[in-house]
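Have a look at the structure first, and then we can walk through it together.

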Amino acid sequence: MKDNIFSNTPSLITGEIFSELLKCRNVVIQKIVSSDKPDHIIYNQPQDEWVILLQGKATLQLENNIINLTSGDYLFIPANTCHQVTKTSTNPYCIWLAVHINPED
């Protein structure tokens with residue numbers, strides 16, 4: 001089924017919206033849309049994550065490192081690594097593509 005990553009993108013006042021695009025065996029692909037007021041949740045996930053910022057600018061704290069991202073930047077976040085989105089742009093809003101690789105059974 002054909003779709004477009006930029007279609008049906010909501011306008012947010014706060015937080016983020018996670019939309020599952022594909023789930024296949026141990027891989028989950030999500031579209032994430034961030035407002036300019038992201039949730040200040042510290043994530044520490046049991047799965048590896050590869051993420052690319054498709055639109056906007058963002059700042060992540062990855063353990064003790066600050067990482068500034070612009071459109072097209074991507075990074076790999078190993079499982080059990082504390083990370084947090086600390087800042088996101090307003091115009092344009094941030095749109096991410098996240099690939100979660102769950103441990104195999």
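Let us start with the sheet: five strands form an open, antiparallel arrangement in the order S1-S2-S8-S3-S6. Strands here are DSSP runs of E with at least two residues, numbered from the N terminus, and two of them pair if DSSP finds at least two bridges between them. S1 (16-24) and S6 are the edge strands, each pairing on one side only. From one strand to the next, the twist averages 20 degrees, based on axes fitted as lines to C-alpha atoms, with angles from 0 to 180 degrees between N-to-C directions.

A note on the ground rules: this is a predicted model, in which local features need pLDDT of at least 70 and side-chain atom pairs count only at pLDDT 80 or more, while totals for chains, interfaces and linings use all residues. Residues are numbered from 1 along each chain as its sequence is written, and side-chain values use heavy atoms, leaving out hydrogens and water.

Now to the S3 and S6 strands, which run antiparallel and are joined by four bridges. Tryptophan 50 has phenylalanine 76 as its bridge partner in S6. A search of the whole structure finds one aromatic pair. Tryptophan 50 and tyrosine 74 form this tilted pair, 5.3 Å centre to centre with 40 degrees between the planes. For such pairs, the ring centres of Phe, Tyr and Trp (its six-membered ring) lie within 6.5 Å; planes under 30 degrees apart count as stacked, over 60 as edge-to-face and the rest as tilted. The pair links strand S3 (residues 48-55) with strand S6 (residues 74-77), its members being 24 residues apart. Tryptophan 50 is partly exposed at 28% relative accessible area, whereas tyrosine 74 is exposed at 55% (buried is under 20%, exposed over 50%, partly exposed in between, with a 1.4 Å probe and protein chains only).

| Pocket | Volume | Strand giving the most to the lining |
|---|---|---|
| Largest pocket | About 240 Å³ | S1, three residues |
| Second largest pocket | About 200 Å³ | S7, three residues |

A pocket is an open set of points on a 1 Å grid over the protein atoms alone, where a 1.4 Å probe fits, with protein on both sides within 12 Å along at least five of seven lines; lining residues have an atom within 4 Å of a point. A volume is the space filled by probe spheres set on the points, which are joined across faces, edges and corners. Residues lining the largest pocket include Met1, Ile17, Leu21 and Val33. In the second largest pocket, Ile32, Tyr43, Glu49, His83 and Val85 lie nearest the centre.
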